[in-house]
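I am opening this notebook to look up pockets and strands. My entries follow the structure below.

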Amino acid sequence: MIKSERKLGRDVAVIGGAMSPFGVFPEKTSRDLMADAYTAALETVDKQLDPQDIEALYIGNFTSDLFEHQSHLGHLIADWLGLSPRPATRIEGACASSGLAFREGMMAIASGMYDIVLVGGVEKMSSASTEEVQEYLAVASDVQLEVEQAALTFPGIFAAIASAYFAKYGATREHLLRVAVKNHENGALNPNAQYNATLRDVMERRKETLQARGKPVPDWADEYDFLRDERANPVVAAPLHLFDCSPISDGAACMILAAAEVADNFTDEVVRIRASAQTSAPPPATWNSDLTSLPAVQAAARQAYDMAGVLPSDIDFAEVHDCFTPAEIIATEDLGFFQPGQGAVAAAEFQTARNSDMPINVSGGLKAKGHPVGATGLAQLQEVWHQLRGTAGQRQITHKDLRLGLTHNVGGTGGTCVIHILEHV
């Protein structure tokens, strides 16, 4: 154990949490999605909570301004949930928006300003075309340097990161396949996941469709053969293929935070926030030509472990930001779970599987659970909360006692990172 330096003014606990189903819901708005998550979150409070006891809202959202042509979202969410005139603040940090909202809500309670707050995250992406989604997400990068000068998209940037990792450590696409297969297997156990089917199931359905249409059926032996076939898994930005990429998603997630001294009024299964860390970093083009690690993640990890007074080996499981399959591998190294260059080996040897010593993304991750960017951070956090309480259903980790869970949420091309450690008391 190492000495803890950062402290909260008072302890903060989580007393409720849930996510809406993630997917494509053309009939729903951000307000509808948030209402679904909020209603579900209220039902998870063990001893019930009067909504009138909620004192403030912090809402993570990347860009409803573009996706829905609706800015000033906070007060609309408060009204839709029946929580006006409580203060509602929208927090923006690209894909880390709701991780930051969670942090702001935590600090508001730790400061003594409030005792109970609602933190939420939401994004409605499917109303835009694929081309528009790519354009809108690009504004989370350095537009002048990465978009206008280098003509890079997010898949392009993470393809460059993957290529650099391959060149430095000798990894191959086969390592990426293991991450995709594992996360889809986990997502198949998550009823709220956008892709709640294994890749073997996806392969079999594709065969059935081709057969029904009277077309030739490939002789894929297993899901790995399926992923190696560019007809089924086309290149997006080499070496990344379609199933290396998280999908376009709609969804929301909510959590209810309370001061530790009042948490017992709502639950007998107290989960407290052990650490919270946020860091910033410049664009990848300035990372001294080494793209195999995200500086903001390493810095945030050091701060989080220091605040919690723990080491990486003390963490029981983690939800990491796998917007693309190589991002998961690099995250497991930056977080200190594996040495540099060993994250790919660990993935290939199933050292990150649900029944392993270091389960990673048991929810299905962004890859299979879905990635409505403004909701992702809180979707990770509510998964960790449920796992620590033993309420994660079929995907519950049962082979080890869970005390500490970590979430790793990244915004843009690594410009923002927020890491949280939750503890089951």
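I looked up which element gives most to the lining of the largest pocket, and in this predicted model the largest share comes from helix 5, with five residues. I noted that helix 5 (130-138), helix 7 (154-169) and helix 9 (199-212) each supply at least two residues of that lining.

I then checked the pocket itself, which holds about 830 Å³ of space. I found 34 residues lining the largest pocket, and the closest to its centre are Cys245, Ser246, Pro247, Ile248 and Phe324. I sorted the lining by class and got 22 nonpolar, eight polar and four charged residues.

I turned to the second largest pocket, with about 170 Å³ of space. Its lining includes Ala18, Met19, His386 and Arg395. I see two elements that give two or more residues there, strand 1 (12-19) and helix 16 (376-389). By class I have four nonpolar, six polar and one charged.

I read nine strands in the order 3-2-4-7-1-8-11-10-9, forming an open sheet with mixed pairing. Strand 3 (88-91) and strand 9 (317-319) are at the edges with a single partner strand each, so one side of each has no neighbour in the sheet.

Leu57 has Ala88 of strand 3 as its bridge partner.

Last, I found helix 1 (30-43) packing on the sheet, where helix 1 touches strands 1, 2, 4 and 7. I noted an angle of about 45° between the directions of helix 1 and strand 7.

Key
Residues are numbered from 1 along each chain as its sequence is written. This is a predicted model: local features need pLDDT of at least 70, side-chain atom pairs count only at pLDDT 80 or more; totals for chains, interfaces and linings use all residues. Side-chain values use heavy atoms; hydrogens and water are left out. On a 1 Å grid over the protein atoms alone, a cavity is a set of points where a 1.4 Å probe fits but cannot get out, and a pocket is an open set with protein on both sides within 12 Å along at least five of seven lines; lining residues have an atom within 4 Å of a point. Grid points are joined across faces, edges and corners, and a volume is the space filled by probe spheres set on the points. Helices (H or I, at least four residues) and strands (E, at least two) are DSSP runs, numbered from the N terminus. Ala, Val, Leu, Ile, Met, Phe, Trp, Tyr, Cys and Pro count as nonpolar, Asp, Glu, Lys and Arg as charged, and the others, Gly among them, as polar. Two strands pair if DSSP finds at least two bridges between them. Contact means heavy atoms within 4.5 Å. Axes are lines fitted to C-alpha atoms, for helices over the stretch in contact, and angles run from 0 to 180 degrees between N-to-C directions.
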